[in-house]
Amino acid sequence: MPFARLATATTPTCHIGLGLAAIGRPGYINLGRDRDLGEDRAVETLRERTHELLDAAYAQGVRYFDVARSYGRSEEFLAGWLDRHPEIDDIVVGSKWGYTYTADWTTDAETHEVKDHSPGTYERQRAETNALLGDRLDLYQIHSVTPDSPALADKDLHAKLAEAAAAGVTVGFSTSGPAQADAIRAALAVTVDGEPLFRTVQSTYNILETSAAPALAEAHDAGLTVIVKEGMANGRLADPHAPDALKTVAAETSLGTDAVALAFVLRQPWAGVVLSGAATTVQLASNLHAPAVDLDEGQLERLAALVEEPRVYWERRGQLPWH
């Protein structure tokens with residue numbers, strides 16, 4: 001498991017990863033994006049912004065970096081940064097396949113990404129990822145598995161993924177939607193030649209959406225590394241959009257709502273890596289204060305009261321515009 005590299009890291013931020021979903025393409029559903037990125041979203045502008053973020057993250061102890069085929073040019077940007085830093089050999093690189101980016105570097109495309117979990121898409125995107133990241137790729141995940149995903153029952157696909165695992169790439173999956181727990185449990189049951197196929201799971205978990213927690217605990221107990229995404233709920237837990245109760249707790253800790261929101265996730269015993277989706281170095285620095293946040297029981301109770309019913313949460317997420 002490549003995540004064993006994190007076990008020997010000593011920085012308090014080593015279990016916070018950097019995801020490039022918000023910076024690898026000009027359009028995304030995070031709130032506050034106009035303020036974060038401004039009007040200049042040319043390829044070279046976002047490439048340099050990404051490299052600045054990666055430099056800052058590595059310097060501050062971050063050791064997991066997360067991209068995907070559908071995150072615009074995120075793999076390309078990360079590959080370029082790795083080429084600039086051949087001396088860096090203590091990080092873990094994860095990517096995802098299963099969505100194809102279709103927005104052509106615009107923010108107003110009718111469709112930004114198309115989902116397909118077929119073996120053909122896997123083979124095409126695996127070759128595309130390999131061309132960019134080569135042997136720097138540690139983890140390859142099926143992107144956004146849901147209970148009805150054909151990837152859960154496709155034996156041909158399972159065999160291809162098992163071949164990749166035998167060749168040294170860790171195989172994992174991510175989840176989305178109100179039935180994340182069902183998808184996680186179904187994926188845990190997938191085996192090839194009697195052995196579990198998946199070694200990692202990446203799921204949405206935050207103050208507003210906690211429904212996957214029992215299944216993620218089961219995955220952790222089964223030996224999988226749990227990666228948490230969307231800990232900021234696509235900006236809903238960051239200033240100025242954060243709920244008043246979160247703002248009050250943040251004021252009590254003298255840190256930002258983002259740090260408190262990520263601290264809430266970090267304290268879960270099954271959480272192996274918690275992703276920051278920062279789009280600026282200032283946001284990243286604030287996110288990385290999360291390990292220093294000490295929440296008492298009263299504060300945790302106030303934050304827990306903010307939880308939403310899963311279908312309500314995911315319906316609202318689905319209504320967020322691509323900025």
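**Close-up 1. Salt-bridge network of Glu-44, Arg-47, Arg-73 and Glu-76.** Salt bridges link Glu-44, Arg-47, Arg-73 and Glu-76 in a network; a salt bridge is a side-chain nitrogen of Lys or Arg within 4 Å of a carboxyl oxygen of Asp or Glu. By this rule the count comes to 18 salt bridges. The model is predicted: local features need pLDDT of at least 70 and side-chain atom pairs pLDDT 80 or more, while totals for chains, interfaces and linings use all residues. Residues are numbered from 1 along each chain as its sequence is written, and side-chain values use heavy atoms, with hydrogens and water left out.

**Close-up 2. Salt bridge between Arg-5 and Asp-138****.** The closest N and O atoms are 2.8 Å apart. Arg-5 lies in helix H1 (residues 4–7) and Asp-138 in the loop between helix H5 (119–133) and strand S6 (139–145), so the pair ties together parts 133 residues apart in sequence. Helices (H or I, at least four residues) and strands (E, at least two) are DSSP runs, numbered from the N terminus. Arg-5 is partly exposed, at 33% relative accessible area, whereas Asp-138 is buried, at 10% (buried, under 20%; exposed, over 50%; partly exposed, in between; 1.4 Å probe, protein chains only).

**Close-up 3. Salt bridge between Glu-230 and Arg-317****.** Here the closest N and O atoms are 2.5 Å apart. Glu-230, in the loop between strand S11 (225–229) and helix H9 (244–253), and Arg-317, in helix H13 (residues 310–318), are 87 residues apart. Glu-230 is buried, with a relative accessible area of 14%; Arg-317 is partly exposed, at 21%.
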